[in-house]
Amino acid sequence: MPSVERTGYAARDPAPTGRPATRTSTEAAAQEILQRVFGYAAFRGHQGDAIVQVADGGDALILMPTGAGKSLCYQIPALVRGQRGLGCGIVVSPLIALMQDQVSALRESGVRAAYLNSTLSSQRAAEVERDFRTGALDLLYVAPERLLTERCLQLLSSAPVSLFAIDEAHCVSQWGHDFRPEYMQLEVLGKRFPGVPRVALTATADPATRVEIVERLGLDAARSFVSSFDRPNIRYEIVEKVDPRRQLVDFIRGEHAGHAGIVYCLSRRRVDETAAHLVEQGIKALPYHAGMDSDARQKNQSRFLREDDLVMVATIAFGMGIDKPDVRFVAHLDLPKSIEGYYQETGRAGRDGAASDAWMAYGLQDVVQLRRMIDESDASEQYKRVSGAKLDAMLGLCETATCRRAMLLGYFGEDDAAATRQAGCGNCDNCLVPPETFEATMAVQQLLSCIYRLKKERNQSFGALHVIAVLRGDRAGRAGEKIGQWQHDTLSTFGIGAERSELEWRAIVRQCIAFGLVDVDHESYGTLHLTARSRPVLRGEETIRLRRFVKDGGRKKSGKTRKDLDPADGLDATGAALFDALRSWRLAASREHGVPAYVIFHDGTLKEIARARPTTVTALGEVSGVGEKKLEAYGRDIVAIVERTT
Ligand code: ADP
Ligand code: ZN
């Protein structure tokens, strides 16, 4: 079995214990490239060790959360090995649409990178192949289906290959939603190219997927580098769904005006409607889902990557490998099916490490709808059971009154990290504004006995809405009609919960479902049933505290906008003016080069320049994120802007 080490990627001290005190020549070469090519001062977390492992010819499995810096873990080894005459690094990446941006970013840094995929003309492909054969490339990105062709394997045999990097390696997992059949065949690389190191990378935290990657790719001898999956810069917030569209608009206007963000919805229809609604409200938004034709989808994705202030409203079809660093929020208007999905989707926020939000509006209807989807699918019983359990865990996260981050980390098996967060992470809604709870034993007993009476006296089961109507003694509207029709007004539980509003009752029902006190029947339209856990509560042997329903959906109205979400936060007036000037310059430069703005420089780098105000090109070179090539290309322009603006 591969060895496993775990640290936080944000760890300041990049040197874990057990490493020899003297620096090897590989370490020195890696460090030199980090500084000269990428402009960074130090490795983060496991980066340094993983890079040495691969650069020295070993296999590696790298599990780091989004934004931790996985790319350098194959880019630098390829460059180190290239310097030693060991050839070109091959990167297998499933996302054709993104290869181009990755390659542009590398070229901006002076790396000789290219890609081979179906979007290339045959003439351009022939040029790339020639460059590979003549040793004129450091890194070559290839789509998996192309790589596996005999023609391509022959090409790769015609010149030295320094390493194989298998990006998004979780695509080998048949259970995951990103499964790519071609990935299963990548084991052939180990057989055809023995002695060429292989590195598999993924941001999927699930331990079962990890085992599958090792097995399917034949990576038994690989060393594993596992980081903590905590994303400290992401603030988690889950609110009650009352009027989701209004809540979403309030959230975006209140804290993310002009920011790039992603809004996830469950269905294509909801995506289209929500995007249209945002546009009506004056928010720049575009839709993305699998039902659109591929040109339109492609166009919207490319605009999202290139523009700074677009909201993408999408189904989960959107997102894998989106490496836009400055996505400031991910919002969910529907409940994801599992914590794995939720974490992967929210993880697309804040790759650049700056403050970001993961916001979700969730309601009872979500639970019922997802249960029905699971039930109505053609999947096997086992699959349905697993899906049901995953949904339960997701509900638990929504309804918890304790730290959401601690719960997430606990779910991914990071018990130590979870324990240190137990006292509160200070950056989730429950830690920031601890939810009010109330003694709910009586209310829960009323709910449970109402379900019990319906079953016992009438042999009937109903969904939440009807049970609540009986509890509240509703005689009006459709609910009242139904009550009259079934004579449910003669039940002893009729009207016993009249003092609570329907919304309060819904919150109680949801929590009872999440905590296993009530079961929703998968088979029959979301009817409510008692469980083994109901009995002790009904008998008065157990007391229950629940979080209190909050009217505005749980969102605290502090009146203050969050300063940390402003990219110029912490700069003085001159710095802020300089930052703005640099951003305008970057926009023009990115248009001129036909690349996304962040490929030129990240906000973080511009901010650092605005703070340091270097007046020489040499001083500019000290700023993190400014490598040799960019210094050469843009140094003089930037120094001129600094001098003009300050
Ligand atoms: P991942 O693929 O793990 O999601 P990336 O490789 O895209 O992450 O890296 C995320 C961001 O962090 C990138 O902008 C990258 O340039 C930056 N980065 C990576 N390593 C370092 C480092 N050692 N120091 C500073 N920035 C880094
Ligand atoms: Zn917390």
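## Ligand 1

In this predicted model, a polar side-chain atom of K70 sits 2.8 Å from an oxygen atom of ligand 1. The side chain of S71 also takes part, with an N or O atom 2.6 Å from a ligand 1 oxygen. G69 contributes through its backbone: one of its N or O atoms lies 3.1 Å from an oxygen atom of ligand 1. A polar contact here is a pair of N or O atoms within 3.5 Å; within protein, one must be able to donate a hydrogen and the other to accept it, and residues adjacent in sequence count only if both atoms are side-chain atoms.

## Basis of the model

Local features need pLDDT of at least 70, side-chain atom pairs count only at pLDDT 80 or more, and totals for chains, interfaces and linings use all residues; side-chain values use heavy atoms, without hydrogens and water. Residues are numbered from 1 along each chain as its sequence is written, while chains are lettered from A and ligands numbered from 1 in the order in which they are written.

## The zinc site

Four cysteines hold the zinc ion (ligand 2): C403, C425, C428 and C431 each coordinate through SG, at 2.3 to 2.4 Å. Donors are N, O and S atoms within 2.8 Å of the metal (3.2 Å for Na, K and Ca); water is not among the atoms, so sites may look incomplete. The angles among the four donor atoms run from 100 to 120 degrees, and the site is tetrahedral. That label requires four donors with all angles between 85 and 135 degrees. The ideal angle for four tetrahedral donors is 109.5 degrees.

Along the chain the donors of the zinc ion (ligand 2) are spaced C-x21-C-x2-C-x2-C. C403 lies in the loop between α16 (381-399) and α17 (404-411), and C431 lies in helix α19 (residues 429-432), 28 residues apart. C403 is buried at 6% relative accessible area. C431 is partly exposed at 23%. Buried means under 20%, exposed over 50%, and partly exposed in between (1.4 Å probe, protein chains only).

## A six-strand parallel sheet

Six strands form an open sheet with parallel pairing, in the order β9-β14-β13-β10-β12-β11. Neighbouring strands are turned by 15 degrees against each other on average, direction ignored. Axes are lines fitted to C-alpha atoms, for helices over the stretch in contact, and angles run from 0 to 180 degrees between N-to-C directions.

Within this sheet, β10 (residues 260-264) and β13 (residues 327-332) pair in the parallel sense over five bridges. V263 stands opposite A331 in β13. Two strands pair if DSSP finds at least two bridges between them. Helices (H or I, at least four residues) and strands (E, at least two) are DSSP runs, numbered from the N terminus.

## Strand β4

Strand β4 (residues 113-116) is covered on both faces: A113 and Y115 are buried on one side, A114 and L116 on the other. In a regular strand the side chains alternate between the two faces of the sheet. β4 pairs with β5 (residues 139-142) in the parallel sense over four bridges, and A113 stands opposite L139 in β5.

## Two helix residues

P244 lies in helix α11 (residues 244-255) and is partly exposed, at 26% relative accessible area. P244 and A361 are 117 residues apart in sequence but 6.6 Å apart in space, C-alpha to C-alpha.

A479 is in helix α22 (residues 477-486). A479 and A257 are separated by 222 residues in sequence and 41 Å in space, C-alpha to C-alpha.

Technical notes: Four donors count as tetrahedral if all angles lie between 85 and 135 degrees; four count as square planar and six as octahedral if opposite donors are over 155 degrees apart and all others between 65 and 115; anything else is irregular.
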